[in-house]
Amino acid sequence: MENVYTDRELLQQVANGDKLAFRHLFELYKLRLFSFVLQMTHSRVDAEEIVQEVFAKLWESRISLAGVEYPGKYIYTIARNKTLNHLTRVARDRRLQQQVWVNLSQFDNATEDILQAQESQRLISKAVSQLSGQRQTLFQLSREQGLTHEEIACQLGLSKSRVKNMLVEILKHIRDYLARYSALIATLCCINCSLLLL
C-alpha cells in the first residue's frame, strides 16, 4: 500500500477490518512508539512488548476506531497508559523494580533517538531532585551502586521494609512525573522522526 492515505483514513480502513491498512499503520508508528515507550521504561524488551500490546489493542477494538478524530494522539495515549500500567506493576514487584534501577543506570545514550534520551534523563533527574535528601541518597544507592534493600537499610539506619516502601514511593513519584511530561516526550519523538526524514 502506497503512503497516500492520511492517518485518519488508515484508521477508518482498519475499523472496516482492512489488514493491509493495519499493517501500514503498524509500520508508520512502530518505531516512534518504541522510542516513546523506551524513554519511560528504559528497557528495549519491555518497550517492544508494550508496542505489540498497543497494536493488539488497536486491532481488537478496531470497530471503535472509525470515530477517532486524532489518530496520533489516540495511539500515543494507549501507549502511555499501557506503559504506566507496566510501571505500576514494576512498583509492586521487587524483581521488576530492581531491573528498572539497572535499566535506569545502564541506559545507553547512543540510541537512534539521542535527543529523547537526553530529555528523558533530564526529566528523571528533575523528578529525583524533588525528593528529600534521604530519598535521593536511597535512589542513588539502589540505582547506581546496586545495593540490596538490606544493605541500604544497614547503611541508612532504616528497616528493610521501610527501604522497600520508600523505593516503591520513589518509583511512583518518577512514574507520575514522567506521566505529566509524556506529551512533551511524544512531541520530541515526532519532531525527531520528522528531522530524520528531511
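Of the 198 residues in the protein chain, 43% count as buried, meaning under 20% relative accessible area, with over 50% counted as exposed and anything in between as partly exposed (1.4 Å probe, protein chains only). Keep in mind that this is a predicted model, where local features need pLDDT of at least 70, side-chain atom pairs count only at pLDDT 80 or more, and totals for chains, interfaces and linings use all residues. Residues are numbered from 1 along each chain as its sequence is written, and side-chain values use heavy atoms, with hydrogens and water left out.

As for secondary structure, the protein chain has 10 helices and zero strands; these are DSSP runs numbered from the N terminus (helices H or I, at least four residues; strands E, at least two). Take the contacts (heavy atoms within 4.5 Å) between residues at least 6 apart in sequence: 65% of them join residues at least 24 apart.

Now zoom in on helix H7 (residues 133-143) and helix H8 (residues 149-156), whose axes come within 10 Å and cross at roughly 140°. The axes are lines fitted to C-alpha atoms, for helices over the stretch in contact, and angles run from 0 to 180 degrees between N-to-C directions. Who makes the contact? From H7 come Thr137, Leu138, Leu141 and Ser142, and H8 supplies Ile152, Gln155 and Leu156.
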